[in-house]
Structures are given as structure tokens and as C-alpha cells.
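Subject: Handover of a structure and its computed features

Dear colleague,

Please find below the structure that I am handing over to you.

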Amino acid sequence: MYRNKKTAVVVPAYKEELLIVPTLESIPDFVDRVYVVNDASPDQTGALIDSYAKKDSRVIPIHHLKNKGVGGAIISGYKRALSDGMDIVAVMAGDNQMDPAFLPELLDPVADEAVDYSVGNRLVNEKFREGMSTWRFVGNSVLTLLTKIASGYWQLMDPQNGYTAISRRALETISIDNIYPRYGYCNDILVWLNTFGFRVRNVPHPARYGLERSKIKYSTYIVRLSWLLLNAFIWRMKMKYVLLSFHPLVFFYCAGVFFTFISVLFGLYALWFKFIMNNSIFVPAVVSVILFALGVQFLLFAMMFDMQEENRGVWYS
């Protein structure tokens, strides 16, 4: 146990035959259960997990017959942890990328009941980002901004980080079966947590890269995740600020989108008016700029109200 809390670690693994054993060997002794989820790996990952489980009674192998994605693997681990009565459940990837020395720092805020979800943060300073490529850092920063807007956790950094710890009550409250099952699950779960009012905290730790190779195809990942975040944002607005409670920021967001869209149409009309009709562009251009400024102002007010909701406090304390 860790600080009188039953503690588990979920290890999602797909084609990790080189790194799964070092990952399991590194998990601290205070962890009560280790749920290792073989997500239908075509290599020897599953056999290595079963072999290691014979040496370490804490290790519980879970085998998927079909690949469900990293999110799906973590969900399977979460479900088993709930059924076994675990109080805190952390996630450590099977590629040995997550340094176990920082696991207590993730667990402490949850054990203290100060938060219900802690997330690693590799972006806090340059030293911690060593080893992270420029392309990966830029992409992560863009997705961080989009996730802030979608999830409502405006103080959060590095939401792509899968090194996390979550409380039992959070897992019992959110609908884990509806979490996005593939890359993007860590962004989606933040939307669920914010909707139901759970506190989240960043825990700084350095990036660690070694033999692992990223399985993310960035050419499709960014587009797919952006669409996921848009839908998640709309769902959060509906659930949190319309159905579960009410806040006028929904109207501000709607007005902002409306006026911004109309301003773009007026801008196109201004160009047509000038270059096709050969007329003065001044009046339609001014109208377009005014509408755009109005739309942006509404959007900024909506974001400000959302930030205030995060700072004001949440339902669970």
C-alpha cells in the first residue's frame, strides 16, 4: 500500500517485447497490483507478460483478442482495478518511458485528496524537455492549447502525457466505457473529469526517451484529435453548462462563433465587391472587421468565464 491507499498501476502494452520486462521490473514495491494489458500484440509481448507474472504475484495479465488501442487497454485496466477495490490507479506505458522515481509525486496529491487526477508535465522547463524533438514539442504545444479550450482545464500543461494517477471516486463517476479508446484518450478523459467537477494537478517531471519508437502517425493524428476535441468541447458545453447546471458563457461562445463566421462571409463579399464588381471595398471591409472583432470579443469573454469556473472551485472538494 502507498500511504494507506490500495495502489495499482495499469501498463498498456502493444508490441513491446523489448521493453515490457524492464518496465515491470522498475515498478516500485509499494504498488499493490500491476495490471498489464497486452493489446493483441503480434510479437512476444503477451508471452513475456505471462512469464513475468509467475515471478511477481502483483502482476495481473490482461489479454485482448483484438486491438482496442491504448485508451481501450487502459480502460480494461481501470475496470479491473475498480473490481479489485483499488483506491488510486496510475498509468505507466509499457515502453519504459515513464520514470518510476516520479510515481510518488503523482500519487501524493491524489492520496492527500487534494485532487482526483494528476498528470505529468514535461513542458515546464527546457531541462525537462531534453530529448524531445522540436516537432514533437511544437505539436504538443498546439494540442495543449486545443485541449485547454476543449477540457476547461486552463492551467493544465502537457495533456498528451500519459503518466497519470486517478482516484477511485473519479473512475466511479465518469463513464469510462465512453472514453475515446485510441491515442487521444488522455485528452478525452480530461473533458469527462472537468464536466463532473474534479480537480486536476500537473506534476513536473523530465521527459525520458530511449529505445522506444512512437507509434503515433502525426499526419493523421493531429487532424483526428482536433476533430475529437471539437466534439468533446461541444459535449462539455452541453452537459456542464446546460444540462447539469447553467452558465451564460454558452451564449457567448455561440455568439462568438456566429459573428466570426459572418465576418468571414462579409470579407469574401468585400473581395468580390472590389475585384469582380469593381466597386469600393471600404464599407463591406469595415463591416467585416467590426463583425470579426465582435466575434473575437465574445469568444474571449466565454473563455474568461470558463477560466473563472475552473478557479472558483468544483463540486468535489
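How many cavities of 30 Å³ or more does the structure hold? The structure holds 1 such cavity. Here a cavity is a set of points, on a 1 Å grid over the protein atoms alone, where a 1.4 Å probe fits but cannot get out; lining residues have an atom within 4 Å of a point. Grid points are joined across faces, edges and corners, and a volume is the space filled by probe spheres set on the points.

Two remarks on the basis of these values come before the rest. This is a predicted model, in which local features need pLDDT of at least 70 and side-chain atom pairs count only at pLDDT 80 or more, while totals for chains, interfaces and linings use all residues. Residues are numbered from 1 along each chain as its sequence is written, and side-chain values use heavy atoms, with hydrogens and water left out.

Overall picture

The protein contains 10 helices and 7 strands; these are DSSP runs numbered from the N terminus, helices being H or I with at least four residues and strands E with at least two. Its C-alpha trace spans about 80 × 40 × 40 Å along the principal axes. Of the 317 residues, 49% count as buried, where buried means under 20% relative accessible area, exposed over 50% and partly exposed in between (1.4 Å probe, protein chains only). Among contacts (heavy atoms within 4.5 Å) between residues at least 6 apart in sequence, 78% join residues at least 24 apart.

The cavity

The largest cavity holds about 40 Å³ of space. Its lining consists of G71, I74, I75, Y78, I179, Y185 and I189. Helices α3 (69-83) and α7 (185-195) each supply at least two of the lining residues, and α3 gives the largest share, with 4 residues. By residue class, the lining divides into 6 nonpolar, 1 polar and no charged. In this scheme Ala, Val, Leu, Ile, Met, Phe, Trp, Tyr, Cys and Pro count as nonpolar, Asp, Glu, Lys and Arg as charged, and the others, Gly among them, as polar.

Salt bridges

A search of the whole structure finds 10 salt bridges, each defined as a side-chain nitrogen of Lys or Arg within 4 Å of a carboxyl oxygen of Asp or Glu.

D116 forms a salt bridge with R169, and their closest N and O atoms are 2.6 Å apart. This pair links distant parts of the chain, since D116 sits in the loop between α4 (103-111) and β5 (117-121) and R169 in helix α6 (residues 168-173), 53 residues apart. D116 counts as buried at 3% relative accessibility, whereas R169 is partly exposed at 30%.

R122 forms a salt bridge with D158, with the closest N and O atoms 2.8 Å apart. Here too the pair links distant parts of the chain: R122 belongs to the loop between β5 and α5 (134-151), and D158 to the loop between α5 and β6 (164-167), 36 residues apart. Both partners count as buried, R122 at 7% relative accessibility and D158 at 0%.

The side chains of R236 and D306 also meet in a salt bridge, at 2.8 Å from N to O. R236 lies in helix α8 (residues 218-243) and D306 in helix α10 (residues 282-312), so the pair ties together parts that are 70 residues apart in sequence. R236 is buried, with a relative accessible area of 0%, and D306 counts as buried at 1%. Salt bridges that share partners also join R3, D108 and D112 into one network.

Two individual residues

E17 is found in the loop between β1 (7-13) and α1 (20-26) and is partly exposed, with a relative accessible area of 37%. Not counting residues up to four places away in sequence, E17 touches D43, Q44, T45 and L48. A polar atom of the E17 side chain lies 3.1 Å from the backbone nitrogen of Q44. The C-alpha atoms of E17 and I49, which are 32 residues apart along the chain, are separated by 9.0 Å.

T260 has its place in helix α9 (residues 249-275) and counts as buried at 18% relative accessibility. With residues up to four places away in sequence left out, T260 touches F292, G295, V296 and L299.

With kind regards

Technical notes. 1 Å grid on protein atoms, 1.4 Å probe; cavity = no way out; pocket = protein on both sides within 12 Å on 5 of 7 lines; lining within 4 Å. Polar contact = N/O pair within 3.5 Å; in protein donor to acceptor, adjacent residues only side chain to side chain.
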